[in-house]
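Here is a short report to read beside the model. Keep the sequence and the 3D view at hand.

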Amino acid sequence: GRCRLLCKPSALAQHLVRSLGRSSTLRGGRWPWPRWPQLQMLQQLLQLPEPEPVVARELLQLSDAGLVALDWLVGPWGAAGGGGGVSSSVLLLIPNAAGKVTEGLLQLGLRALERGFIPVIFNRRGHNGCPLTTPRLQPFGDPGDLREAVTYLRCRHPTASLLAVSEGSGSGLLLAYLGESGSSSRLAAAACLSPIFRGREWFEAAMPWLYEWPLLLHLKQGLSRYAGSLAEAVDMDRLLGSRSLRELEEFLFCRTRSRPTSWEVYWERNEPLRDADEAAVPVLCLCSADDPVRGPPARSLPMELFRSSPYFFLLLTPRGGHCGFPRRAPGRCWGHEAVLEYFRAMAEFLRTEERRKGLPRPR
């Protein structure tokens with residue numbers, strides 16, 4: 001179609017251009033209302049998956065006694081998934097920063113399951129029904145909990161390739177993890193669907209109410225369940241009375257009772273791209289020029305990063321909305337197919353390089 005792959009020239013970039021160019025995924029991405037990205041966004045946020053996928057939940061205790069939840073997708077067919085000792089690729093799915101597991105993310109997991117991946121959803125502390133055992137949640141770009149989850153997945157599936165894909169504002173967590181971990185990330189490849197690259201600017205900009213209010217209500221509903229345990233750390237009345245995602249983020253992580261900090265200092269520690277130069281894992285960022293949530297491309301896309309880093313690839317499409325990328329076929333998102341094709345091409349390239357250099361496969 002009219003997609004462009006923007007990146008630093010390399011052998012891997014040439015391979016991706018050939019692989020994506022041969023794929024029919026990027027052709028004919030049409031929808032009856034291509035110029036209404038807000039309508040695409042509303043459909044992506046509210047539509048429920050059909051059929052409802054079966055999920056096996058596993059609670060992982062962290063080093064500070066906190067809990068995160070890992071939801072293994074086993075599909076609507078009752079097929080077993082998430083078993084140990086499987087050599088298939090494990091695909092870690094990261095929801096948006098509000099913890100909302102959208103229909104799109106579940107559909108991506110089901111597509112991956114059909115193709116032999118082992119999909120698992122990472123739920124942060126207190127999100128999506130995960131019990132909150134500590135009076136703290138996970139800041140926007142703090143990858144500590146994700147690092148422990150990745151270590152656990154690597155131990156559980158020692159022979160499998162570990163991949164990760166994030167959706168929307170959840171990409172802030174994945175990008176921060178890749179930058180902070182560098183070559184020790186344990187991931188073979190990663191992808192971001194409609195990522196938010198500049199966290200502070202995104203919170204400070206006016207977001208479409210179709211996106212902000214559903215997520216704000218979703219967050220408040222989850223936080224209200226833990227009002228008693230969080231009351232010792234934050235002012236719950238002001239927190240639940242916040243009128244924007246920025247206000248809620250500030251009350252939750254900056255205006256705390258024990259360790260208050262400024263908005264500026266908070267973002268020095270939580271900007272997604274603060275350590276982007278240290279990333280050592282190929283990352284495909286699938287973005288749309290008409291994304292109403294991220295903002296105009298000239299202001300919200302770090303073009304210099306894609307020109308200078310050999311690990312960051314930007315697949316830019318003129319239309320697709322925010323995490324939408326719809327096609328006429330019901331329940332289909334061509335962005336999901338592009339991400340899975342990218343992972344296939346990455347595995348093919350790595351196998352070719354190993355044979356060319358005569359390298360043994362990592363144990």
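## Terms and model

Helices here are DSSP runs of H or I with at least four residues, numbered from the N terminus. The model is predicted.

## The second largest pocket

The second largest pocket holds about 610 Å³ of space. Its lining counts 19 residues. Nearest the centre lie Arg-136, Pro-139, Phe-253, Thr-256 and Arg-259. By class, the lining residues split into 10 nonpolar, four polar and five charged.

Two helices, α10 (245–253) and α11 (263–270), each give at least two residues to this lining. Helix α11 provides the largest share, three residues. Two domains also contribute: domain 1 (4–28 + 35–78 + 87–198 + 272–354) and domain 2 (199–270) each supply at least three lining residues.

## Glu-268 in α11

Glu-268 sits in helix α11. Is Glu-268 buried or exposed? Its relative accessible area is 60%, so Glu-268 is exposed; the cut-off for that class is over 50%.

Arg-200 is 68 residues away from Glu-268 in sequence. In space, their C-alpha atoms are 9.4 Å apart.

## The nine-stranded sheet

Nine strands form an open sheet with mixed pairing, in the order β1-β9-β8-β7-β6-β4-β5-β3-β2. From one strand to the next, the twist averages 20 degrees.

Within this sheet, β7 (residues 189–193) and β8 (residues 283–288) pair in the parallel sense. Four bridges join β7 and β8. Cys-192 has Cys-285 in β8 as its bridge partner.

Key: Residues are numbered from 1 along each chain as its sequence is written. This is a predicted model: local features need pLDDT of at least 70, side-chain atom pairs count only at pLDDT 80 or more; totals for chains, interfaces and linings use all residues. Side-chain values use heavy atoms; hydrogens and water are left out. On a 1 Å grid over the protein atoms alone, a cavity is a set of points where a 1.4 Å probe fits but cannot get out, and a pocket is an open set with protein on both sides within 12 Å along at least five of seven lines; lining residues have an atom within 4 Å of a point. Grid points are joined across faces, edges and corners, and a volume is the space filled by probe spheres set on the points. Ala, Val, Leu, Ile, Met, Phe, Trp, Tyr, Cys and Pro count as nonpolar, Asp, Glu, Lys and Arg as charged, and the others, Gly among them, as polar. Domain bounds come from an automatic or database domain assignment. Buried means under 20% relative accessible area, exposed over 50%, partly exposed in between (1.4 Å probe, protein chains only). Two strands pair if DSSP finds at least two bridges between them. Axes are lines fitted to C-alpha atoms, for helices over the stretch in contact, and angles run from 0 to 180 degrees between N-to-C directions.
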